[in-house]
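Here is a friendly note to read alongside the structure. Please keep the 3D view open and look up each point as you go.

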Amino acid sequence: MTILAPTRDEQISQLIGTTIEQLDITDAAFDAAERCYHDLGDHLSDANAEVYVQGSFLLGTVVRPYDGDGDGDGEYDLDLVAKLDVAKTSITQQELKDKIGDLLTDYHADYDGVDAESPSDVSEGRRSWCLHYAGFHMDVLPCIPDASATSDTAIELTDRELRLWQKSDPLEYVNWFRKQCAKQFEEERVVLSKSYGSVDAVPKHRVRTPLHRVVQILKRHRDIYFAEDHDDRPPSSLITTLAGRSYLGESDLLAATMGAVQRMPQHVEKRSGAYWVENPACSGENFADKWNDYEIRRLKFERWRTAVEQDLTGFLQETNGTVALNQRMSKAFGSAPVEQAVKVLGARTNLAREAGNVNFATGGLLTTAATAKAVPSHRFFGGQADR
Amino acid sequence: MARPTGKQLSVTQQAVRLKLQFPQEQAPTVKANRLIWSVTLQPTPMSIRYTVQICYQHRRRPKVTVVNPVLETRPDEALPHVYPGDELCLYYDDEFVGTENFIADTIVPWASEWLYFYETWMTTGFWLGSEAPHPPGTAKI
């Protein structure tokens, strides 16, 4: 781990990376959510329904939701699939939605308040049911296996606004995403294996490659940029897919994020006049379908994409010092995680300093490079009290 | 930190060492057992360049100030870890002894570290460098 970055670019990447780490889900929050969905899975398995995680939790691209006031205590959003093992011919979309809804309502009624793993409320969404817990909620997507697909994990799901069954394949999507960063994924697993005992013991959803971080950075920037404009914000599936297609294996976060936003437009197709970003795991599913219904969403996406590029360029061109850089970064990602990141980095530098690992190079630059001159130990004395 | 043994360091020896260690800076002015010297310090690649002035009179505490730019503070907060006159507090007790330790090897890098922690303080409101114990009856910020 670099403690004191030796170049401007690396210093910016370090600050962005440390900032996004502050917004990643904590182990405690992840474990709490995991216990809840295992508990739900145990109960639904009695009714022949299989429950599993999909989306950003499984991908490892979760970011703490932005709640507007910057204190960062928005609710995490966990996406689950509830797959009922029945044939399409034997059930309608409405029946499937109701069946899963009934199971969840019973689960809630039977276990409400009994233990920490039970939800406090159940509500209905367009495609899914939502279970509310302390600090997070779980969206449960009712679906059946897609018998016509070649993939074992393909599913068909219900949609209140659409007559036809919708096809998807969330598990295959996760495989696709990991393939976009396969080399980095394996490297990162080796790094993490030190804390888990072996490479195979490292849970895949805990791995964060630069591509994972890029997606988290972009989602966070989106959350801030569209804080007052929820309806038109680009969905995470679209951002994740475009970032995945754009990733060229960069290890530096600034370069990877810049590359992703700059290359995104190349991966938007036009099919018979319609904008198209295909789900790489499910042909026919268009993540940009809303752009064809609402032109403004495409325009706002493009404005946002340009804003990310401008913000990154602004970091690079900042000549008024680190405090000005931190302010720019706070505007882009929120002040709470940036301040937290600066604290983490400062504390890390001080530990290195106390251990005698901070050296002094030409021009006053502090460095951990051993070629520079060692700084003797000292403490900062005094303060306002002396005045 | 190896201290020269035997003879006490003179102001001239301090000046010679500064000139040797920082050849790109103007040599210190030495007059009446007192040296004045300025150095440009940039603690991190993204940092601005600070001009720091060091005045040292034999056996006294070196007076270290940031002369350019004028240091900003957080709203309604005074600079932390400074003596009156915004002189930087860089060490505690005998961590530096002017007749034994070279300013070039202690005070100057310490000033760079002070600037690093000043910058993090500006953003976070916390002084993240190690702090020395404060005299009884004085509040720690």
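1. Let's begin where the chains meet: 38 residues of chain A are in contact with 47 residues of chain B. Two residues are in contact if their C-beta atoms, placed from the backbone, lie within 7 Å. On the side of chain A that touches chain B, the elements giving two or more residues are helix 1 (8-23), helix 12 (322-333) and helix 13 (335-354) of chain A. Helix 13 of chain A gives the most, with nine residues. That side of chain A divides into 15 nonpolar, 15 polar and eight charged residues. Here Ala, Val, Leu, Ile, Met, Phe, Trp, Tyr, Cys and Pro count as nonpolar, Asp, Glu, Lys and Arg as charged, and the others, Gly among them, as polar.

2. A word on the source. This is a predicted model, in which local features need pLDDT of at least 70 and side-chain atom pairs count only at pLDDT 80 or more, while totals for chains, interfaces and linings use all residues. Residues are numbered from 1 along each chain as its sequence is written, and chains are lettered from A and ligands numbered from 1 in the order in which they are written.

3. Now turn to chain B, which has two helices and six strands. Helices (H or I, at least four residues) and strands (E, at least two) are DSSP runs, numbered from the N terminus. From the N terminus on, the order in chain B is α-β-β-β-β-β-β-α. Of the 141 residues in chain B, 40% are buried, meaning that 20 or more other C-beta atoms lie within 10 Å of the residue's own, with C-beta atoms placed from the backbone.

4. Which residues are buried in helix 1 (residues 11-21) of chain B? They are V11(B), Q14(B), A15(B) and L18(B). Seen down the helix axis, these buried residues fall within an arc of 100°, so they line one face of helix 1 of chain B. The arc is that of the directions from the helix axis to the C-beta atoms. The buried residues of this helix pack against strand 1 (29-31), strand 2 (34-41) and strand 3 (50-57) of chain B.

5. Back in chain A, strand 1 (residues 49-54) and strand 2 (residues 76-84) run antiparallel, joined by six bridges. Two strands pair if DSSP finds at least two bridges between them. V53(A) has L80(A) in strand 2 of chain A as its bridge partner. Strand 2 of chain A also pairs with strand 5 (residues 136-145) of chain A, in the parallel sense, over eight bridges.

Technical notes. Buried ≥ 20, exposed ≤ 12 C-beta atoms within 10 Å, placed from the backbone.
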